[in-house]
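Hi,

Here's the structure I promised to pass along.

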Amino acid sequence: MSDPQHDPFRICGTTIDGKYRVLSVVGAGGFGVVYRGVHEGFGAAIAIKCLRLPAELSPAAQDDLVRQLRGEGRLLLQLSRLSSAIVQALDIGAFTAASGAKVPYLVLEWLDGDTLASHLRRLRAGGGGALSRREAIALLDPAARALAVAHAQRIAHRDIKPENLFLAEAGGRRSLKVLDFGIAKVLLEPLSPTEALAATTAGTPVLTPRYGAPEQFDRRFGATGPWTDVFALALVFVELVTGRPALEGDSVAALYSAAVDPHRRPTLRGRGAAAPEPVERVLLRALGVAPRERYPDAGAFWDALLAAEGVSPGAQAAATTAEHQGGAAAFRPPAGAAALEPTVPGPVDAPARGRDAAPGRYPDPVQAYSARPIGAGSGPAQASSGPGSTPASAPAATAATGPTRPAGALPWGAIAGLAAALAVGSGVAIALRRWDKAATTAPPVPTAIAAPTGDPAAPRPVSNVPEAATLYREALQAFRDGAPDVADRTMARAVAADRALSAGHLRLALWRFRQRPIEAREEFQLALRHRAALDARDAALLDAAEAYVRQPSDAAAWERRLDAAIARFPADPELLVYLGNARHARLGFDAAIEAYDRAIAADRGYVVAWVHKGESLGMKGDVAAELEAYRDCAETAPGATLCLSNRVRLLARQGDCKGVEEDARRWMSIDPGAASAARHLALALQARSAPRESVLLALQQSWTLEVERDRRWKELRDRAAIAALDGDFEQAVQLARDWQREVAGRTEQEVHASPALELARLYREMGMPREAGRVADDFLHRMSAWHEPATTGDWTIAFLPYSYHAASMTKAAFDEARAAWIARVQSKWRAGAQAQQAEPRWAFWAEAHAAAVETPEEAAEALRAIPADQPLPPERWRWLSLDLTIGKVYALSGKAGEAIAPLRRVARSCVALFEPFTMVQAHRYLGQALEASGDTAGAAEAYGAVVARWGRARPRSITADEARARLAALGKRPSGPR
């Protein structure tokens with residue numbers, strides 16, 4: 001019989017659930033035990049963690065807690081499949097002990113080896129224990145990479161310490177594994193300290209004081225999250241290098257004082273060890289007292305540390321592999337120890353075609369107004385490619401309310417006791433997500449969404465897992481509210497909690513198809529596999545979606561099947577929005593509007609229907625009606641930033657800079673975490689001649705709100721644009737070069753294209769066409785190594801004109817390359833997008849023929865290629881660069897009457913801050929057109945605007961030189977630069 005003092009559950013020698021034979025106790029604490037066991041079916045060694053629930057819990061509360069623990073187990077299972085450096089979860093369950101107590105348990109892989117804590121204690125006992133920085137990096141690299149994987153999944157560990165890092169040995173190889181992701185929490189808000197600090201999380205944090213971050217000692221410092229793991233990982237690194245714990249103190253109070261004192265940051269130098277300045281700076285940031293000061297996740301921290309140490313990630317991976325296969329003896333553990341351990345569906349703002357837009361992100365102003373090769377991303381033919389499309393903007397996650405205690409929650413004392421009790425052996429602990437989720441969950445889904453059929457009172461029986469069902473409803477609420485990032489992320493958590501959640505897989509397939517078709521098809525296959533659980537309404541949607549996600553996609557069949565589904569469920573706003581998207585994709589804007597109106601009639605608060613209706617009205621050319629739709633949307637749902645963001649972009653193109661400022665401020669008041677709102681405020685302030693300090697302050701606010709990975713290069717991009725706007729071309733070139741270096745390690749073609757294109761423009765404007773050509777040639781030679789956009793083409797066409805005008809390619813070679821690009825993009829478009837009633841021939845013409853025009857002869861050639869049999873796209877379709885190319889070609893061809901209107905539209909817009917070249921060129925060609933039409937005064941004003949902007953450019957501006965010469969010919973004197 002087992003000893004109850006060591007085996008409180010009395011299960012040694014028994015078999016749990018008929019498959020896990022329990023052999024012996026390997027670790028125990030006051031409230032939990034870790035056993036060694038064997039899987040009866042496989043005959044494999046396993047570790048079994050058993051948790052004892054507090055006696056004061058009622059049976060109902062125990063059942064509820066067990067359900068919560070099951071959810072945590074599924075979370076660990078999902079995470080452990082993503083990284084071999086995370087202990088692998090095998091099963092989770094619960095049994096009833098001989099005493100009648102309910103015992104939840106977790107089955108994990110068995111690891112031979114020892115914890116890093118035990119290993120360090122032995123080293124120190126022998127007079128060692130301090131490693132070199134390179135050795136510490138090699139040792140911790142697997143754990144850092146595992147944390148980076150977890151953080152990418154929006155999961156934070158929150159108890160990183162040597163006891164939770166295990167030196168495992170198998171087959172003569174050693175590897176470091178991260179134990180105990182039981183305390184992990186899926187973050188409901190975007191992973192940035194700035195946004196997380198706005199939320200207050202209820203509940204008692206699990207804390208190991210010697211490795212605790214300030215926010216774990218005192219919630220006033222902010223919420224815990226990935227940045228908490230960054231702090232702890234930095235402490236462990238410092239400990240490995242110095243040979244003693246980084247935080248020193250004999251009490252929690254002393255450790256708290258050491259953690260929160262900004263003058264006592266436990267960096268290497270702070271602990272008396274030598275360290276180069278770059279490494280010290282990285283540690284100072286990683287150990288910042290305020291979460292906002294730190295790196296936002298482990299990946300960012302570790303990459304910065306490797307760079308500061310002069311170690312490339314690839315070289316480190318090789319070194320780590322070598323170490324695992326038999327490196328330094330100091331790392332060798334003894335054998336025999338146990339392991340204790342998206343996007344809202346709908347029309348894309350085609351003219352925006354952002355350079356680096358991503359699902360769930362606000363496109364930047366520079367993306368929303370500038371030209372982008374149609375083959376490099378979404379364009380008019382994809383204007384409404386369906387449920388997976390990314391709208392022109394997307395609202396950020398709703399700010400969390402204060403902490404609340406939901407009905408039926410356990411007493412705080414019981415929660416605190418259980419949290420502390422779970423620190424068993426390796427520090428096993430589980431964050432009870434029920435009690436800190438209340439602060440961040442979305443409002444309940446309205447009846448119109450929750451109903452499975454036409455019965456508005458019937459609940460949707462989507463899952464038998466309560467957490468999954470709740471998350472599913474929250475995801476649909478976010479979809480309704482026009483929050484694609486929240487919808488996608490929350491639905492992903494729902495299907496992680498219940499892999500058989502067919503309705504959730506179906507939504508992910510629809511929402512992701514445009515941007516991530518491979519993932520979407522995988523989700524659709526999972527939805528098919530579990531389709532028996534679908535109700536009649538979702539079964540009809542599944543049948544319709546098959547036509548949409550197949551390869552190639554069949555837009556006509558998708559629309560027909562949606563019509564059939566809506567005939568059965570006529571008042572379902574979600575189905576009606578999908579139908580509107582399908583019709584919009586096929587350029588049936590009136591029919592799309594009719595579907596959106598029906599969705600609004602069914603649920604007036606369905607924000608995405610209002611937004612997409614506005615976009616379809618705009619595609620018809622009815623800009624006034626589009627603005628009215630956005631206004632109605634904002635009045636109906638005052639917190640719908642999606643309506644405001646679309647309105648702001650439209651007003652900026654229209655030249656209503658005061659309206660842009662007013663709406664941007666309102667947008668910021670609703671969503672203080674929206675970087676794009678701050679950028680649009682800067683845009684409006686500059687256009688309204690506000691002091692430069694105000695413009696820069698708004699920009700700086702936007703930079704702080706960007707994700708860490710993109711923050712620096714976006715700042716460099718903006719500063720380069722400002723320098724170009726001021727005519728400081730030398731500084732702009734330097735900043736563009738810095739921008740190139742900042743993104744050197746990225747793999748996306750578009751991320752490399754943007755700084756290269758900026759450099760080419762600058763060199764051309766400086767009268768250095770050969771330098772511009774070299775930049776273009778360099779990009780064209782390297783671009784095939786980077787990932788091109790998934791469903792269209794590449795950036796070739798943006799750079800060909802610079803190579804051609806630099807004389808690095810002949811006219812025949814240029815024509816051949818251009819024709820090949822057109823054929824390639826059209827073929828890929830048809831295969832990857834959808835059948836179209838008409839192709840976006842104006843977009844192809846603008847990019848393939850008009851963009852390269854610089855002479856009257858080239859303009860005449862471009863005019864011969866103009867799609868005269870297709871009407872000019874309505875104003876809502878015409879991004880500003882299309883108007884510029886149209887006006888330029890007409891002006892150079894002597895057709896002044898046709899040139900003036902589009903050029904004036906560009907010249908009066910509010911986008912000079914981020915599109916200085918577009919704005920100056922518009923004034924240049926407008927002056928030429930007005931001069932040809934006999935409007936000398938108007939021409940002088942347009943030329944004067946060019947000279948005022950770039951008349952004293954450094955080193956020179958060929959456009960300003962030409963404008964100055966025209967003013968002299970007109971007998972006018974140029975005004976001074978502004």
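Below is what turned up when I went through it.

One thing to keep in mind: this is a predicted model.

Let's start with the cores. The largest nonpolar core has 105 residues. Leu699, Leu762, Phe779, Phe799, Trp845, Val889 and Leu913 are the ones with the most contacts inside it. If you zoom in on Leu699 and skip its neighbours within four places in sequence, you'll find it in contact with Ala682, Asp718, Ile722, Leu913 and Phe914. Apart from that core lies another one, of 72 residues, with Leu111, Leu116, Leu167 and Leu305 among them.

Next, a helix pair. The axes of H19 (residues 536–549) and H20 (residues 555–568) come within 7 Å and cross at roughly 170°. Angles over 145 degrees count as roughly antiparallel, so that is how H19 and H20 run relative to each other. On the H19 side, the residues that meet H20 include Ala536, Ala540, Leu541, Ala544 and Tyr548; their partners in H20 include Trp558, Arg561, Leu562 and Ala565. Sorted by class, this contact has 11 nonpolar and four charged residues, with no polar ones.

Is Asp141 buried or exposed? With a relative accessible area of 5%, Asp141 is under the 20% cut-off and therefore counts as buried. The side chain of Asp141 also makes a polar contact of 2.7 Å with the side chain of Trp302.

Cheers

How values were computed:
Residues numbered from 1 in each chain as written. Predicted model: local features only at pLDDT ≥ 70, side-chain atom pairs only at ≥ 80, totals over all residues. Heavy atoms only, no water. Axes fitted to C-alpha atoms, helices over the stretch in contact; angles between N-to-C directions. Helix = DSSP H or I, 4+ residues; strand = E, 2+ residues; numbered from the N terminus. Parallel < 35°, antiparallel > 145°, perpendicular 65-115°, else oblique. Contact = heavy atoms within 4.5 Å. Nonpolar A, V, L, I, M, F, W, Y, C, P; charged D, E, K, R; others polar. Buried < 20%, exposed > 50% of the residue type's maximum accessible area, 1.4 Å probe, protein only. Polar contact = N/O pair within 3.5 Å; in protein donor to acceptor, adjacent residues only side chain to side chain. Core = buried A, V, L, I, M, F, W, Y, C linked by side-chain atoms within 4.5 Å.
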